[in-house]
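Please keep the structure open beside you while you read.

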Amino acid sequence: MTSRRAGFAGWRIVAISAVTLGMTAPGQTVGFSAFVDPMIAGLDVTRTQVSTAYLVGTLTGALAMPRVGTFIDRRGTRHAMLAIAAAFGLALAAMSGVVGFVTLMVGFVGIRMFGQGGLTLVATTAVAPWFERRRGFALGVTTASGSALMALFPLLSTFLILRLGWRPSWIVLAVLMWAVVLPLGRWGMVTRPEDLGQRADGAHASADDDRAVAGMAAFTRREAVHTAMFWAIAGAVAATGMIATALSFHQIDLLGEQGLTPVQAAANFLPQTLAALVATLGAGWLLDRAPAKLVLVSAMVVLAVAMLVVGHVSPGVTAIGYGMLLGTAGSSVRAMEVATLPALFGVRHLGAIRGVIIAISIAASAFGPLALSLGQHFTGSYTGVLRGLVALPVAVAGFALVAPQPRRTLGGSPA
């Protein structure tokens with residue numbers, strides 16, 4: 001039982017969630033990237049086999065997300081964080097023992113399910129019950145800070161691999177994750193402000209507040225997926241996950257078509273990251289003050305523009321501008337999703353609802369690189385494929401504009 005503490009604990013939850021989000025890096029594409037070449041050489045597998053194992057592992061992990069979300073709702077973020085972090089550490093340690101394609105695929109299932117999926121879901125869901133008026137900003141800080149910490153892991157992984165080899169490095173990352181996340185979950189995480197006798201945003205509780213909370217409509221997962229706005233948000237997350245992942249995955253080759261050297265193309269991740277951090281905080285601030293549709297539609301427009309202009313960039317300012325557009329679109333959608341779902345559907349079943357969204361996002365991101373690669377193979381250029389795929393964000397923006405706001409009265413049906 002967590003003891004009561006003086007002072008609003010919401011910002012402590014933000015800090016814990018941000019660190020936890022950052023510690024999912026070994027299960028994310030950005031964290032695994034440093035291991036690709038050493039593992040190809042050490043396991044005597046091809047790059048295609050690694051990519052296939054990654055795809056299968058990612059999709060399998062995505063299928064589990066709705067159940068993971070339900071587990072978070074039933075057990076609370078504190079217990080879920082401890083259980084998922086423990087399992088994620090075991091999956092990381094198991095990666096040190098892979099011996100070929102099959103075991104590599106099994107390892108990917110573990111790190112993608114518990115790292116990219118489960119622990120990310122816990123970290124971004126934990127903050128929502130603690131804020132109402134400032135939820136967008138709080139989640140923006142969580143996401144931006146977690147992403148900044150995540151960006152350090154490629155350097156750390158490279159350092160470890162060069163000195164220890166890739167197999168011991170997986171063990172070190174597992175121990176590091178356990179050492180950081182398990183204590184935070186055990187002694188720092190609190191599931192709801194009510195567990196400490198507090199209210200969202202640090203407001204003082206009153207009888208009127210309690211009656212208002214009791215009367216708030218909380219959508220179940222089944223009810224939420226029957227609303228148009230759920231699918232508008234899911235569509236934005238899927239389109240961004242698919243396109244942004246594909247563009248990042250093929251960035252060196254894609255920008256090479258535009259005359260950038262491999263070093264210049266790799267350096268384009270910097271403006272993407274900086275723009276993403278600023279846009280995450282900006283979107284979070286805006287979501288507390290403006291309709292979520294504004295952020296959603298704006299993000300889709302920015303993504304469409306990035307897809308169209310990449311065929312016209314050249315080394316220098318235009319390439320930097322493209323990177324900023326791509327970083328802004330992806331981060332704005334992520335901030336919109338984590339802040340809007342609790343505002344629309346309540347927090348009682350938030351884990352289960354977000355579990356479906358995360359599953360859709362992971363699946364879309366898994367297919368993105370393959371879709372762009374096949375398109376380039378058959379057309380001879382990335383830009384032609386992207387001009388066709390731009391229909392995705394445009395369609396999502398149009399659907400969001402006409403999607404009605406979900407409404408549900410206590411005991412009633414969702415609209």
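Predicted model: local features only at pLDDT ≥ 70, side-chain atom pairs only at ≥ 80, totals over all residues.

Residues are numbered from 1 along each chain as its sequence is written, and side-chain values use heavy atoms, with hydrogens and water left out. Helices are DSSP runs (H or I, at least four residues), numbered from the N terminus.

Let's start with α17. This helix covers residues 317-345, 29 residues in total, and spans 42 Å from its first C-alpha to its last, close to the 42 Å expected at 1.5 Å a residue (the expected span is 1.5 Å times one less than the number of residues). At alanine 339, α17 bends by about 25°, and proline 342 follows within four residues; the bend is the angle between axes fitted to the seven residues ending there and the seven starting there. Just after α17, glycine 346 has a positive phi of about 85°.

Now for the pairs. Axes are lines fitted to C-alpha atoms over the stretch in contact, with angles from 0 to 180 degrees between N-to-C directions.

| Helix pair | Axis distance | Angle |
|---|---|---|
| α12 (residues 228-249) and α16 (residues 292-309) | within 11 Å | roughly 25° |
| α15 (residues 269-287) and α17 | within 7 Å | roughly 35° |
| α5 (residues 65-94) and α18 (residues 350-379) | 7 Å | about 155° |

α12 and α16 are therefore roughly parallel (angles under 35 degrees), while α5 and α18 are therefore roughly antiparallel (over 145 degrees).

Which residues of α12 meet α16? Among them are Met229, Ile233 and Ile243, and the α16 side includes Leu296, Met300 and Leu303; contact means heavy atoms within 4.5 Å.

Between α15 and α17, the contact residues include Ala275, Ala279 and Gly284 in α15, and Gly323, Gly327 and Ala339 in α17. This contact has 12 nonpolar, nine polar and no charged residues. Ala339 is also where α17 bends.

In the last pair, Gly69 and Asp73 are among the α5 residues that meet α18, whose own contacts include Gly351 and Gly355.

Conventions: Helix = DSSP H or I, 4+ residues; strand = E, 2+ residues; numbered from the N terminus. Parallel < 35°, antiparallel > 145°, perpendicular 65-115°, else oblique. Nonpolar A, V, L, I, M, F, W, Y, C, P; charged D, E, K, R; others polar.
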